[in-house]
Amino acid sequence: MNRIKGKTVLITGASSGIGKACAEQCAGCQANLILAARRFDRLQTLKNDLEKMHGIVVFIHRLDVRVRQDVENFVSQLAARDICPDILINNAGLSAGLDKLHEGNFDDWERMIDTNVKGLLYVSRAVIPLMIKAGKGHVVNIGSIAGHQVYPCGNVYNATKFAVRALTEAMNIDLSGTDIRVSCVSPGAANTEFSTVRFHGDTKKADMIYTGYKPLSADDIADAVLYILNAPEHVNIQNILITPTAQRNIYCVDRRKPD
Ligand code: NDP
Ligand code: 8X3
């Protein structure tokens, strides 16, 4: 059953990884898209490809979710054109650094808190009132296994993803009395640009995160998001924790030497 055909899906962080895979899968279901990220050239390429391939409408916007005024202007522009997202996928996020808390880098901390927590809040604060006015909507927050278990040197990243889980619960409670659903997808290790960003561009270090087992792909996560989005209106799948089979919990990963 395809319940998202013809709906409008706003995805933050659509230029790469999980956000891009969600955009591709939603497009495959004939949903129209609003895609936001900082790397506009990538959004432009994605728009061209998806419009050509699926005959849908893709609106793109260069956006840094950390800049509250820009988020508000972006959503006001949508409202002025009578565009209300039926679905918001709060995906933009990152980890920066992997240091002990007492040795942490302040810039890394601020990037993570400003993007993963404050950015998600700014976008949600701007979009949810439009959904309330429309009387419908679905918000999917991309959390993490790191929002369920803390790991050594994960500290601030863990805290931001615990916050995403708390905010998912908070949104659900605060939206009682409406038909708007809020869900959270918490992935384990997925091979995207995530670790390259965490290690400030060191791809060798990033690749080591994914060796010795088969990590998730961005599409594996998008499959879970699409499953949530396709549930009937009276069904809210509030949480999905999805890991590679080899990742039994955040610490316990079966790494095998190649045969
Ligand atoms: P990628 O690095 O591949 O993608 C991150 C996306 O977020 C990019 O499109 C990037 O776009 C966007 N982004 C980052 N900062 C901003 C910003 N300030 N404003 C707007 N967009 C921003 O990583 P993933 O796809 O893996 O990450 C997506 C989400 O999944 C994140 O929230 C991450 O925490 C979460 N996650 C990832 C896991 C993994 O193992 N990969 C596991 C668990 C959760 P641009 O740079 O163009 O702005
Ligand atoms: C990303 C998963 O384990 O690298 O959220 O923190 S982990």
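User: How do H4 and H5 run relative to each other, roughly parallel or roughly antiparallel?
Analyst: In this predicted model, H4 and H5 cross at roughly 15 degrees, so they are roughly parallel (angles under 35 degrees count as that). Helices here are DSSP runs (H or I, at least four residues), numbered from the N terminus. Angles run from 0 to 180 degrees between N-to-C directions, with axes fitted to C-alpha atoms over the stretch in contact.

User: Which residues of H4 and H5 make the contact?
Analyst: With contact meaning heavy atoms within 4.5 Å, H4 brings residues including Trp 109, Leu 120 and Ile 128, and H5 brings residues including Tyr 157, Val 164 and Met 171.

User: Okay, ligands now! Which residues are around ligand 2?
Analyst: They are Ser 144, Ala 146, Tyr 151, Tyr 157, Phe 194, Arg 198 and Ile 250, where a residue counts if one of its heavy atoms lies within 4 Å.

User: What does the side chain of Tyr 157 do there?
Analyst: An N or O atom in the side chain of Tyr 157 is 2.6 Å from an oxygen atom of ligand 2. Ser 144 has a polar side-chain atom 2.5 Å from an oxygen atom of that ligand.

User: And how many residues surround ligand 1?
Analyst: There are 29, and Tyr 157 is one of the closest. Asp 64 has a side-chain N or O atom 2.9 Å from a nitrogen atom of ligand 1.

User: What should I know about the numbering and the model?
Analyst: Residues count from 1 along each chain, while chains are lettered from A and ligands numbered from 1 in written order. Local features need pLDDT of at least 70, side-chain atom pairs count only at pLDDT 80 or more, totals for chains, interfaces and linings use all residues, and side-chain values use heavy atoms, leaving out hydrogens and water.

Terms used: Helix = DSSP H or I, 4+ residues; strand = E, 2+ residues; numbered from the N terminus. Parallel < 35°, antiparallel > 145°, perpendicular 65-115°, else oblique. Polar contact = N/O pair within 3.5 Å; in protein donor to acceptor, adjacent residues only side chain to side chain.
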